[in-house]
Amino acid sequence: MIKAVIFDMDGVILDSEPFWKEAEIKIFNSLGVPLTEEMCETTTGMRLVDVVKLWHERYPWDLKENPFERVGAEIVDSLIALIKQKGVINSGVAELLEMFAAKELPMAIASSSDKKIIDAVMNKFDIAKYFKVIHSAEYEEYGKPHPAIYLSTAKMLGVEPQDCLAIEDSFNGVVSAVAARMKTAAYPEKTNFYNPKFAIADIRFRTLKDFTEEEFNKLNN
């Protein structure tokens, strides 16, 4: 039985992936990393700290001049500026939040993004009031696809992982939620909708508006 709902943020609450790509390409290119949009897609759902380390391993830059922390901070600042300027909440999010609130299901955010980014999104759309727990993988030893963030978030909610529903857009995120033994609803990017990898999710949607009361009841059986 579903007793709590946990949302990923990037890609679910808003389509922030284009902003991530723009910010990462700008900063990494300045460091000599030949990052492309296609390369960015391979790290979707991962923590920024892991992404920075990954690209440094493959395309090393001078860490004395540009340490990991500085690179990460520049990407975060660039991303937040883009979200504030151009971010739009995804269609269907408001309806889902209201549906789960009406069912008195506690809700949480479990995001790979730094807390600073999560706070910027919550403030822009004024939706923090819906969430009992807001948790960032920056506080975990391992990021997605490891299940740590989902296990921790369930614990903070006071609900067993198997009694939680996770809503994810990235494959790394879906793997994380499934590994935590949660019911998992996938909302893949349009080009990934038919990707057979997403078959590990319990259900997948083209749009969040397709996640109706009827679909929720099917998952809750």
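The second largest pocket takes the largest share of its lining, 4 residues, from α4, where helices are DSSP runs of H or I with at least four residues, numbered from the N terminus. The model is predicted, so local features need pLDDT of at least 70 and side-chain atom pairs count only at pLDDT 80 or more, while totals for chains, interfaces and linings use all residues. Residues are numbered from 1 along each chain as its sequence is written, and side-chain values use heavy atoms, with hydrogens and water left out.

**The second largest pocket**

- This pocket has a volume of about 160 Å³; on a 1 Å grid over the protein atoms alone, a pocket is an open set of points with protein on both sides within 12 Å along at least five of seven lines, and a cavity is a set where a 1.4 Å probe fits but cannot get out.
- A volume is the space filled by probe spheres set on the points, which are joined across faces, edges and corners.
- The second largest pocket is lined by L48, V49, V52, F68, E69, G72, A73, D114 and E138, a lining residue being one with an atom within 4 Å of a point.
- Two or more residues of this lining come from each of α3 (48–58) and α4 (68–86).
- The lining of the second largest pocket divides into 5 nonpolar, 1 polar and 3 charged residues, with Ala, Val, Leu, Ile, Met, Phe, Trp, Tyr, Cys and Pro counted as nonpolar, Asp, Glu, Lys and Arg as charged, and the others, Gly among them, as polar.

**The largest pocket**

- About 660 Å³ of space lies in the largest pocket, and its lining of 27 residues has E17, D169, P188, E189 and N192 nearest the centre.
- At least two residues of this lining are supplied by each of α1 (17–30), α2 (37–41) and α8 (171–179), with α1 giving the most, 5 residues.
- By class, the lining of the largest pocket holds 11 charged, 10 polar and 6 nonpolar residues.

**The cavity**

- A search of the whole structure finds 1 cavity of 30 Å³ or more, and the largest cavity has a volume of about 220 Å³.
- Among the 21 residues that line the largest cavity, E17, W20, T44, G45 and M46 are the closest to its centre.
- Both α1 and α3 give two or more residues to the lining of the largest cavity, and the largest share, 4 residues, comes from α1.
- The lining of the largest cavity has 9 charged, 7 polar and 5 nonpolar residues.

**Helix packing**

- α1 and α3 pack at an angle of about 40°, with their axes 13 Å apart; axes are lines fitted to C-alpha atoms over the stretch in contact, and angles run from 0 to 180 degrees between N-to-C directions.
- α1 and α3 are therefore oblique to each other, since angles under 35 degrees count as roughly parallel, over 145 as roughly antiparallel, 65 to 115 as roughly perpendicular and the rest as oblique.
- W20, E24 and F28 in α1 meet L48, V51, V52 and W55 in α3, contact meaning heavy atoms within 4.5 Å.
- The contact of α1 with α3 has 6 nonpolar residues, 1 charged residue and no polar ones.
- α4 and helix α6 (residues 115–125) pack at about 10°, with their axes 10 Å apart, and are therefore roughly parallel to each other.
- Their contact joins V76, D77, L79, I80, I83 and K84 of α4 to K116, I117, A120, V121 and K124 of α6.
- In the contact of α4 with α6 there are 7 nonpolar, no polar and 4 charged residues.
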